[in-house]
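Visitor: I would like to know how the descriptions of a model follow from its numbers. Could you walk me through some of them?

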Amino acid sequence: MAALNEEQTMIRDQAKSWVSDQAPVRKFRELRDSGNEMAFAAPTWQAMVDMGWTGIIIPEEYGGSDLGYLTFGLILEETGKHLTASPLFASALVGATSVILGGSEAVKQSVLPGIVSGDQIVTLALEEGPRHKPEATALAAESSGDGFKLTGDKTFVAEGMSASSYIVPARTSGIAGDTHGISLLLVTADAKGVSRNAMHMMDSRGYANVQFDGVMVEGGHLLGELDQGFGLLEQILDRARAGLCAEMHGTASQAFDMTLDYLKTRVQFGQVIGAFQALGHRAADLYTAKEMTRSCFEAALKAIDDDADNIPEMVALAKARVGEYLHEMSCQLIQIHGGIGMTDEFDAGFYLKRARMLETSFGNQSYHRERYARILGF
Amino acid sequence: MSEDLNAFRSDVSDWLKASFPTSLKGKAAEIVEASSERDGLKGEALEWRKALAAKGYGAPTWPKEYGGAALSHPQEKVLGEELSKVGAINPMIMLTGMGITMVGPTVLEYGTDEQKAKHLPGIASGEVRWCLGLSEPNAGSDLASLSTKAVEDGDNIVLNGQKVWTSGADKSDWCGAVVRTNPDAKKRDGISFVMLPMDQQGVETRPIKLISGYSPFCETFFNDAIAEKKDLLGKQNDGWSVVKRLLQHERQSQTSARSPSVKLESVQDMAKRYVGTDSEGRLDDPDLRARIVSHLMDSKLHNLTVERITAEARGNLEVSASASILKNSATRVAQTRAELNLEIAGSQGLGWDGDEFTSTELDNVRDWLFGKATSIYGGSEEVQKNIISKNILGLPETTQKG
């Protein structure tokens, strides 16, 4: 744990007790079994708004508390531990970051207070295919009057069914694969020509396909500069990835705690299984990975708060290494629990499925290892 | 607090201007090498040692009455920063063998006032070199099964037995030895820790030649070697608690990845030089490149973790539970780098001697070989994992039968 100030400690403690009391995994199970298409419970979301979580990174002039990404990470760790479902990450971190970094003053005023109050859910609609590759953006945005006309599809859009607006990276010039020629546009979900359908992913959270069929977007809803959106998108993505790492570490830590508890209670061959050195050493390895990876995602969040110049390096390191830890931990969660881990009645499966979704989001381990090498110039 | 630190920083800086011989600037490697020799430092390096000792900066956090300067940990950090700014190093760690890192802190904790007054000043001033007699031929990772016998004889204790892997025993003035004083008790209950001078008839040392060609370790034989009873550290037959503490200090001292005095070429630059790059500037061996990425990530993660744990301890990084984690990760990072050094240079990295090889290439071979010891000594990698699973995670003991 980073050395926290008093306010951060308070927020973390509040998050810890609220999540374990009010939004434990049992709630997520109920949600999954209910088939709720939004994939989150309205009272849970409202409680998060009431606690001020939606305004953590938003400047005070727009109704937020401007406490920074490390503080946001403390909350995401806790929601990650109990798989608490909500649009908190998609909207209050990714959506808010997009508007803060790229929005005009008018856009900030019209969107940020709504994110804080929970009335608006703003999500990034980036992916167009199964592999994360932002520069492959092809969705067409033709110039039309003083605005743009959008044609194309986005997929795997987090909270895509509940979103009130989308941040849409679109191609304004060049061809798919060029970093130049990408522009970011803010599009409301009720605009003419927008349609969407729910995607059912293994983690039972909310995702959508979103179709844009000749959707008109006014020029004032361009975020950042025309054709220069790729740099802005990378900045948004790195903040999103760092936040995601906090959630991932929370999920992995809970899987670790469940496993350690089982090692101390499950008896076979006349002793608790944690007394076998093969398992004791495996637990030591997993604990080591937990401690080491905490250092890198906290460093990434701090680099963002400090506006340091090594944000991409720190984020690539964190997404790769936290992803590796979560991957291994989710496998060991099942393996060490044995047969019980294979049953739907036990929660282990939820962690395993969620782990793969988190790993894949915004670039998996392999993506970020490759990126790290490029950043280091070899 | 920070104002006080600033004032302290300028005091140190002024003192360095007056006391540090500029001729020693950038001579860290030479001083390190001379410090590990029997006759130690000479000339200006000797004057520098004396100046450090007079100020108590050789063992800066120790109490003043025992040769330290009673610095706080943040002050110690400032001192280190100022030393490195002017290109100075503190040679006491090398000069005293196991004195500064292990013996001193343990004597501070367990010693009587008389023992502290007798042993600590010589360590703090860099004049007395210490070794530790821990491992035996049949007691390595299972240290508590040691069998060196120690029997009382009036005011003395008489030692008989053999120690092995005694670092620097052939150059040391004193030895801290762990011995069996009660052969009838359970194995951890009959052990004592005793300090004895090396220059006596009953002590014999033989350097062990390693696969690297170096001989940093010895076999040490006690044949009626004499220790004074008043040099028992801790209670008789309660030496195991002293040893455990000593080993914690050892782990703590082995948590940093590498001595900063030697500036290495980055592994990626080295790889580009030997292997070459493709048209996009990527290393021309994708498999090697992937493993270098993994190594660099491990290395960065280790450093970030040391920083994080230091920050959480707010500068007060004493013996901590995390030492086992850091010892293992420091070892892995260093051993992987050493393997990469060889692999990257191909056959050129496998030379033993001769003009065909650069001195770096030859050094890399020695470092690689010597580095194999790091996951064995100071508690092997497996012993560290036992410690993590038992002491941190609370899993049952797996190594004690009965």
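Guide: Gladly! In this predicted model, the axes of helix H9 (residues 311-337) of chain A and helix H10 (residues 286-312) of chain B come within 11 Å and cross at roughly 100°.

Visitor: What makes H9(A) roughly perpendicular to H10(B)?

Guide: The term covers angles of 65 to 115 degrees. The crossing angle is roughly 100°, so H9(A) counts as roughly perpendicular to H10(B).

Visitor: Which residues in H9(A) and H10(B) meet?

Guide: From H9(A) come Leu317(A), Ala320(A) and Arg321(A), and they meet Met297(B), Lys300(B) and Leu301(B) of H10(B). Sorted by class, this contact has 4 nonpolar and 2 charged residues, with no polar ones.

Visitor: Now to another helix. Why does the span of helix H11 of chain B agree with its number of residues?

Guide: H11(B) has 23 residues (323-345), and at 1.5 Å a residue they should span 33 Å. The end C-alpha atoms are 33 Å apart, so the two values agree.

Visitor: Why is H11(B) called mostly covered?

Guide: A residue is buried if 20 or more other C-beta atoms lie within 10 Å of its own. In H11(B), 17 of the 23 residues are buried, hence the description. Just after this helix, Gly346(B) takes a positive phi of about 60°.

Visitor: How many residues does the contact of domain 2 and domain 3 of chain B take from each?

Guide: The domain assignment places domain 2 at 130-237 and domain 3 at 254-392 of chain B. Their centres are 32 Å apart, taken over C-alpha atoms. The contact takes 7 residues from domain 2 and 6 residues from domain 3. On the domain 2 side, 4 are nonpolar, 3 polar and none charged.

Notes
Residues numbered from 1 in each chain as written. Chains lettered and ligands numbered in written order. Predicted model: local features only at pLDDT ≥ 70, side-chain atom pairs only at ≥ 80, totals over all residues. Helix = DSSP H or I, 4+ residues; strand = E, 2+ residues; numbered from the N terminus. Expected span 1.5 Å × (residues − 1). Buried ≥ 20, exposed ≤ 12 C-beta atoms within 10 Å, placed from the backbone. Axes fitted to C-alpha atoms, helices over the stretch in contact; angles between N-to-C directions. Parallel < 35°, antiparallel > 145°, perpendicular 65-115°, else oblique. Contact = placed C-beta atoms within 7 Å. Nonpolar A, V, L, I, M, F, W, Y, C, P; charged D, E, K, R; others polar. Domains from an automatic or database assignment.
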